[in-house]
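Today I am opening my notebook on a new structure. I will jot down what I look up, one entry at a time.

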Amino acid sequence: MNLTEKKPRKILFICLGNICRSPAAEELFRQVVERRGNIAEWEIDSAAIGSWHIGQLPDKRMRIHAARRGYDLTHHARQVSVADFDRFDLIIGMDSSNISDLKELAPSPEAEAKIVPMARYFTMATRYDHVPDPYYEGAEGFELVLDLLESGCENLYNCLS
Ligand code: 4NP
C-alpha cells in the first residue's frame, strides 16, 4: 500500500448466500475492531452473490456455532450491488467462485482492484485456500469456517492497522 493512501476502513465481506460465512466474518471482524481499535472509524458489512436469502437472519446452525464462541449474528442478508464498489474500500470474497462473480460485477478496473480473497489473510496452518461453504456440511464445517475466520480477521486487522 502507498503510504500516502488512506487506509481501507470500509470493509464488505461476500459469500454466496450471506447467511453463513460472510455474516460470521462481519461479526468476527467487528469484534476484533471493537477489541483493538476504534469502531467509529469503520464501516463493516456483508452481502450475498445470490438473492435466495434476502432479508433472512444467518442460518441457525451458523448462529449456534458462533454464539458458543461469543458472537451474536444479527445481520439480515442482502445482495451485493454495483453501488457497493463505490461505498466500500475492500470487498472480501470467501471463495474463488465469489471472486469471479464479483469481478464480473465490478464496473471499472479501480472497482475490481478492491476485490480480495479472504484466504489472503489466513495465518493458521491449513490446507484450505478458501473459506469452504458449510451449507451442506455438518457441525465440523461450521467450526472450520469459524476457525479460519477468527485467525483471518485478526490478521486482516493487523494488515490494515
Ligand atoms: P454462505 O452459505 O454462502 O456461506 O451463506 C450458503 C448459503 C446458502 C446456500 C449456499 C451457501 N444456498 O444454496 O442456498
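I start with a reminder to myself that this is a predicted model.

**Entry on cysteines**

How many disulfides does the model have? I find 0 disulfides. I looked up Cys15, which is in no disulfide, and its nearest cysteine sulfur belongs to Cys20, 6.9 Å away. A disulfide is a covalent bond between the sulfur atoms of two cysteines. My cut-off for the sulfur pair is within 2.5 Å, and at 6.9 Å the sulfur of Cys20 is too far from that of Cys15 for a bond.

Is Cys15 buried or exposed? I note that Cys15 counts as buried, because its relative accessibility is 2% and buried means under 20%. Cys20 is buried as well, with a relative accessible area of 5%.

**Entry on the sheet**

Next I traced the strands. I see an open sheet of 4 strands, paired in parallel, in the order β2-β1-β3-β4. Which strands stand at the edges? They are β2 (43-48) and β4 (115-117); each has a single partner strand, so one side of each is left without a neighbour in the sheet. On average, neighbouring strands are turned by 25° against each other, direction ignored.

I then looked at one pair. Strand β1 (residues 10-15) runs parallel to β2, and 6 bridges join them. For Ile11, I found the bridge partner Ile44 in β2.

**Entry on a helix**

What packs on this sheet? I found helix α4 (residues 96-105) there, touching β1, β3 (90-93) and β4. The direction of α4 makes about 175° with that of β4.

Notes
Residues numbered from 1 in each chain as written. Predicted model: local features only at pLDDT ≥ 70, side-chain atom pairs only at ≥ 80, totals over all residues. Heavy atoms only, no water. Buried < 20%, exposed > 50% of the residue type's maximum accessible area, 1.4 Å probe, protein only. Pairing = 2+ DSSP bridges. Helix = DSSP H or I, 4+ residues; strand = E, 2+ residues; numbered from the N terminus. Axes fitted to C-alpha atoms, helices over the stretch in contact; angles between N-to-C directions. Contact = heavy atoms within 4.5 Å.
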